[in-house]
Amino acid sequence: MAEDSKPVYIRLREIIAASILDGEFADGDLLPSVRAFASAQGANPLTVAKAYQSFQDDGLVVVKRGVGMFVAAGATRRLREAERERFLETVWPPVAAQMRRLGLRIEDMDLAQA
């Protein structure tokens, strides 16, 4: 799906997921408040709340009333597994097809720059 055609809450969810996978937030860490994240992203707080709610629904975020939202235990591992599966099912097939068309091999790639 093209980036611009994705709903905003999905794009926000992807930003949060990338932050967790990149180690900016570890399991147990406090996530930015809805208002702070909305301000940083230039998004509507209700849209951010929807993105956070989707993480809560998936068990990746836990809410401590009056304190905030925290990355759930095991969330990083579960997110990584889900993203690997999504990559292999949806992202990799067209990339592999394009590589075949261009006669590229994995060995031809300079993966050290990635």
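Buried means under 20% relative accessible area, exposed means over 50%, and partly exposed lies in between, with a 1.4 Å probe and protein chains only. By that scale, Leu46 and Asp57 are exposed on the face of helix 3 turned away from its buried side. This is a predicted model, in which local features need pLDDT of at least 70 and side-chain atom pairs count only at pLDDT 80 or more, while totals for chains, interfaces and linings use all residues. Residues are numbered from 1 along each chain as its sequence is written, and side-chain values use heavy atoms, with hydrogens and water left out.

**Helix 3**

- Helices (H or I, at least four residues) and strands (E, at least two) are DSSP runs, numbered from the N terminus.
- Helix 3 covers residues 45–57, which makes 13 residues.
- The expected span of a helix is 1.5 Å times one less than its number of residues.
- For helix 3 that gives 18 Å, and its end C-alpha atoms are 18 Å apart, which agrees.
- Which residues of helix 3 are buried? They are Val48, Ala51, Tyr52, Ser54 and Phe55.
- Seen down the helix axis, these buried residues fall within an arc of 150°, so they line one face of helix 3.
- The arc is that of the directions from the helix axis to the C-beta atoms.

**Salt bridges**

- A salt bridge is a side-chain nitrogen of Lys or Arg within 4 Å of a carboxyl oxygen of Asp or Glu.
- The whole structure holds six salt bridges.
- Arginine 13 pairs with aspartate 58, and their closest N and O atoms are 2.8 Å apart.
- That pair links distant parts of the chain, 45 residues apart: arginine 13 sits in helix 1, and aspartate 58 sits in the loop between helix 3 and strand 1 (61–64).
- Arginine 13 counts as buried because its relative accessibility is 18%.
- Aspartate 58 has a relative accessible area of 39%, so it is partly exposed.
- Glutamate 107 and arginine 105 also meet in a salt bridge, at 4.0 Å from N to O.
- Glutamate 107 is exposed at 61% relative accessibility, whereas arginine 105 is partly exposed at 48%.
- Arg105, Glu107 and Asp108 are linked in a network of salt bridges.

- Lysine 6 lies in the segment before helix 1 (8–21).
- Is lysine 6 buried or exposed? Its relative accessible area is 15%, so lysine 6 is buried.
- The side chains of lysine 6 and glutamate 14 form a salt bridge of 2.7 Å, N to O.
- These two side chains also make a polar contact, at 2.7 Å.
- A polar contact is a pair of N or O atoms within 3.5 Å; within protein, one must be able to donate a hydrogen and the other to accept it, and residues adjacent in sequence count only if both atoms are side-chain atoms.
- Glutamate 14 is partly exposed, at 31% relative accessibility.

**Helix 4**

- Threonine 76 is in helix 4, and at 16% relative accessibility it counts as buried.
- The side chain of threonine 76 makes a polar contact of 2.7 Å with the side chain of aspartate 27.
- Arginine 80 is in helix 4 and is partly exposed, with a relative accessible area of 33%.
- Arginine 80 and alanine 18 are 62 residues apart in sequence and 9.6 Å apart in space, C-alpha to C-alpha.
- Glutamate 83 is in helix 4 and is partly exposed, with a relative accessible area of 29%.
- Glutamine 98 is in helix 4 and is partly exposed at 36%.
- How far apart are the C-alpha atoms of glutamine 98 and glycine 74, 24 residues apart along the chain? They are separated by 35 Å.

**The surface after helix 4**

- Leu102, Leu104, Ile106 and Met109 form a nonpolar patch on the surface, with about 350 Å² of accessible area together.
- Patches are made of residues with over 30% relative accessible area and no salt bridge: like charges are joined within 9 Å, and nonpolar side chains (Val, Leu, Ile, Met, Phe, Trp, Tyr) within 5 Å.
- Accessible areas come from the Shrake-Rupley method with a 1.4 Å probe; for residues, only the protein chains shown count as cover.
- Methionine 109 is in the segment after helix 4 (75–102).
- Methionine 109 counts as partly exposed, at 36% relative accessibility.
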